[in-house]
Amino acid sequence: MSARAPGPRLVAGNWKLHKGNDEAATLARDLVAGLLPTPGCDVVLCPPFTALSEVRYALAGTPIHLGGQDLFSEDEGAFTGEVSGPMLVSAGCTHVIVCLGETLDEREAGRTAEVVTRQFDRGPGGIAGEGAARIVLAYEPVWAIGTGRTATPAQAAEVHGVLRARARAAWGSGADRLRILYGGSVKPDNAAALFAEPELDGALVGGASLTPAQFLPIVGAAAR
């Protein structure tokens, strides 16, 4: 088995249902000011769909990437309210969020590995070739979303190991370059402990991505 070489860590800020256009542009500019001249790791900002344009302009000419928060499976059609992959690309996005994760009931029943394996097989595991090389996985336990609860570094690393093993079964040595992020109440006070786990290649950050005072220290911890 080859040595793992996933490249720089990646920290993505998921703004969820926050920030109108003016607020989003201001936050993006403030984050740029705090992250440049170089963030020290890859950074992606994922504002609401309505603010993609404003944030795109704020990030222009910087190494910070723009991402969408979701996408629909079809490229076009009579699907009211949906957003497609080609639409996100045309809006300047290089990334989009599609996470894996288990509910609290599934974890307490000891089914975490089964659930995330099934999710991988039904989603990214079916992508082959060049497409697979561009994937970044995000493991976000449902029970940690917006609850303040966080998987311990060991719990997160265990699930990341399960996903990497499944990726190796699907993609062979290509899985050694795969980056797997942890999401779920990542904050400045737990980021360093999470990143101390070799299996964690970055973070998907929710509430803490809404202010520079919280997001920038997380990026700093990832860069170290």
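Here are some notes on the pockets and salt bridges in this predicted model.

1. Ground rules. The model is predicted, so local features need pLDDT of at least 70 and side-chain atom pairs count only at pLDDT 80 or more, while totals for chains, interfaces and linings use all residues. Residues are numbered from 1 along each chain as its sequence is written, and side-chain values use heavy atoms, with hydrogens and water left out.

2. The largest pocket. Start with the space of about 1,200 Å³ in the largest pocket. It has 37 lining residues, and Val96, Gly131, Arg134, Ile135 and Val136 are the closest to its centre. A pocket here is an open set of points on a 1 Å grid over the protein atoms alone, where a 1.4 Å probe fits, with protein on both sides within 12 Å along at least five of seven lines; lining residues have an atom within 4 Å of a point. Points are joined across faces, edges and corners, and the volume is the space filled by probe spheres set on them.

3. What lines it. Elements giving at least two residues each to this lining include β1 (10-14), β2 (42-46), α3 (85-90) and α6 (130-133). Helices (H or I, at least four residues) and strands (E, at least two) are DSSP runs, numbered from the N terminus. By type, the lining has 26 nonpolar, eight polar and three charged residues. Nonpolar means Ala, Val, Leu, Ile, Met, Phe, Trp, Tyr, Cys and Pro; charged means Asp, Glu, Lys and Arg; the others, Gly among them, are polar.

4. The second largest pocket. This one holds about 150 Å³. Of its 15 lining residues, Gly146, Ser185, Lys187, Gly206 and Gly207 lie nearest the centre. The lining splits into five nonpolar, seven polar and three charged.

5. Salt bridges. There are eight in the structure, each a side-chain nitrogen of Lys or Arg within 4 Å of a carboxyl oxygen of Asp or Glu. One of them joins Glu102 and Arg107 at 2.7 Å, N to O. Glu102 is buried, because its relative accessibility is 0% (buried is under 20% relative accessible area, exposed over 50%, partly exposed in between, with a 1.4 Å probe and protein chains only).

6. Two more pairs. Arg118 and Glu114 meet at 3.7 Å, N to O; they are four residues apart in helix α5 (residues 112-122), so about one helical turn separates them. Arg168 pairs with Asp176, with the closest N and O atoms 3.0 Å apart. Shared partners also link Arg111, Glu114 and Arg118 into one salt-bridge network.
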